[in-house]
Amino acid sequence: MKGNEALAEAAVRAGCKCYFGYPITPQTEISAYMAKRMPRCGGVFLQAESEIAAVNMVYGAAASGVRAMTSSSSPGISLKSEGISYIAGCDLPCVIVNVQRGGPGLGGIQPSQSDYYLATKAAGHGDFFMLVYAPSSVQEMADLASRAFDDADKYRMPAMILSDGLLGQMMEPVSFKDHENPPDNKEWACVGHKNKRPHNVINSLYLKPEELEASNIERFKKYDIVKKELHLAEEYLTEDADIIVTGYGAAARIARSAVNGARAEGIKAGLIRPITLWPFPEQAYAKAADTAKVFLDVEFSMGQMVDDIRLATSCRRPVRFFGRTGGVIPTTAEVLEQIRRIAKEELK
Amino acid sequence: MAVYKRPHSLLDVSMHFCPGCTHGIVHRLVCEVIDEMGIEGDTVGICPVGCSVTSYDYFGVDMIEAAHGRAPAVATGVKRSRPDKFVFTYQGDGDLAAIGTAETVHAATRGENITIIFINNTIYGMTGGQMAPTTLPGQVTQTTPFGRDPLTAGYPVRVCELLSTLTGTAYAERVAADSPAHIAAAKKAIRKGFEVQQNKQGFSIIEVLSTCPTNWGMTPVQAMERLRTEMIPYYPLGVYKDITAEK
């Protein structure tokens, strides 16, 4: 299956009842798949008039207690920022998929990782974060979509799948696991009070500064719990590694091949692949910094993750960067050349 | 003997609206209709950004606060996931006809089975009296200090007329909140909107011509007079679309 389709199917199986979308390359397969699939399983597919409307439809569906999703690609995610902020401010769960392309502006339609900052630091106005997952295979497109719904519900937070055009478009075998879906009977949801309870209000407006501050502080207490409980990373050949190559998503696949190439040449390289980008799996980097000499971050961007690696390692080791941007994909040979250079110049 | 009392679905709290503002009247009408139809426990309302931003403190039904202009999209999300619930939005003219034009037009285009209560008072109230899309030519506001000049600031939009051209609109009526007779007609229109929704007939909008004495710089009595003499001639009252009357 294509990555985009695998993600869509996994979402349906994870109990996604409403999908609201808007066409944009390279994620449109998700909409197309949902348009066929949702009516067959009693779900809702709706093509909205804009990204803004789509995310606000998700807001409404999430406020009424059902699992809801929207998907887009980079420029469309900018438009969704407003709605994401409201969803976070109301502590509503939902899933937003970003199949990234190059930017800024209209950019291009080729795969990119241009939205790391947007996803992990600045998903919209205000003090908030969302869960961010970075799949690296078609199987993970499915698995992490499924997991995102569960975690979003658990923490009452928006969750983003930060994919890219390469993962969205490529085909790999995928298997779908059985998924137990919770009943949609959330006590805070706006579904009509049946004259049995006081009315529910879903709201992010606090006109008294002290109340807004208190709500933000409360939310950040939740974030502290999330940071403790949810930090996923894959570590590969890191134990004796002098050079830790790191990258997320599709970039990690190339980084892994380059690590294998380096090992074949006797260079002790290893890989850390963050699977959650927020929370950032700092623990894996901090541990690696105890023994490794240098980090090499590989991205399809100008280096948006570098600062997080520096923070996670408390700047104890140099963090080098190699990336291609604008839709250009770095090759294994290019990354391997960087590893060789570092081994030669920095491991003496 | 019938005793005039607060509708059950209107919460027993003081409202923040300015003296002479007609928001309170329209809130009451909506709640009377909800009570009379017996749908308080099955209704979800969407508040806008604007003077009615805190209407969730007044309506006793489940309420969701929307971003500026997005109420019809939020309502769509609720209605599609819970089609058996009554869903209404309560929006002002800036919210509905400026920043939320796309959401409004496309909710109507889809024949979304929701009811919009649209307050047209020709001005942005909450932010202190700026030009609205419905501000009349010549009307002085903070941002049209010399009066709205259509040559530079464009023309007022007639929402009911616009939406009545769309196939998905099932019911569109413009009413006014200025006199007992008009208020009675307004309530009938609001009830009609909810009934259209009940019968799953599609999108309904009730536009209520309203006053904003504070930002118009008038007394409540002068404001009512302006509604009658200036607004109604530009925004004629009446039913603009009613698919239940066709056939």
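## Close-up views of chains A and B

View 1. In helix α3(A), the residues A53(A), N56(A), M57(A), V58(A), Y59(A), G60(A), A61(A) and A63(A) touch A73(B), V74(B), A75(B), T76(B), G77(B), V78(B), R80(B) and S81(B) of α2(B). Here, "contact" says that the C-beta atoms of two residues, placed from the backbone, lie within 7 Å. Helices (H or I, at least four residues) and strands (E, at least two) are DSSP runs, numbered from the N terminus. Sorted by class, the residues of this helix pair come out as 10 nonpolar, 5 polar and 1 charged. Ala, Val, Leu, Ile, Met, Phe, Trp, Tyr, Cys and Pro count as nonpolar, Asp, Glu, Lys and Arg as charged, and the others, Gly among them, as polar.

A quick word on what you're looking at: this is a predicted model, where local features need pLDDT of at least 70 and side-chain atom pairs count only at pLDDT 80 or more, while totals for chains, interfaces and linings use all residues. Residues are numbered from 1 along each chain as its sequence is written, and chains are lettered from A and ligands numbered from 1 in the order in which they are written.

**View 2. How do α3(A) and α2(B) pack?** Their axes are 6 Å apart, and α3(A) and α2 (residues 71–81) of chain B pack at an angle of about 50°. That's why α3(A) counts as oblique to α2(B): angles under 35 degrees are roughly parallel, over 145 roughly antiparallel, 65 to 115 roughly perpendicular and the rest oblique. Axes are lines fitted to C-alpha atoms (for helices, over the stretch in contact), with angles from 0 to 180 degrees between N-to-C directions.

**View 3. Zoom out to the whole contact between the chains.** Chain A brings 34 residues and chain B brings 29 residues. On the chain A side, the elements giving two or more residues are β2 (44–47), α3 (51–63), α4 (74–89) and β7 (201–202). The largest share comes from α3(A), with 9 residues. By class, this side of chain A has 18 nonpolar, 12 polar and 4 charged residues.

**View 4. Strands pair up between the chains, too.** β7(A) and β2 (residues 62–65) of chain B pair in the parallel sense over 2 bridges. For two strands to pair, DSSP has to find at least two bridges between them. Look for I202(A), which sits opposite I64(B) in β2(B).

**View 5. Chain A has an open sheet of its own.** Its 7 strands follow the order β2-β1-β3-β4-β6-β5-β11, with mixed pairing. β2 and β11 (276–278) of chain A are at the edges with a single partner strand each, so one side of each has no neighbour in the sheet. From one strand to the next, the twist averages 20°. At β1 (residues 18–21) of chain A, 4 bridges join this strand to β2(A), running parallel, and F20(A) stands opposite L46(A) in β2(A).

**View 6. Helices lie across the sheet strands.** Helix α2 (residues 28–40) of chain A lies across β1, β2, β3 (68–72) and β4 (94–100) of chain A, at about 140° to β2(A). α3(A) also lies across β1, β2, β3 and β4 of chain A, running at about 165° to β3(A).
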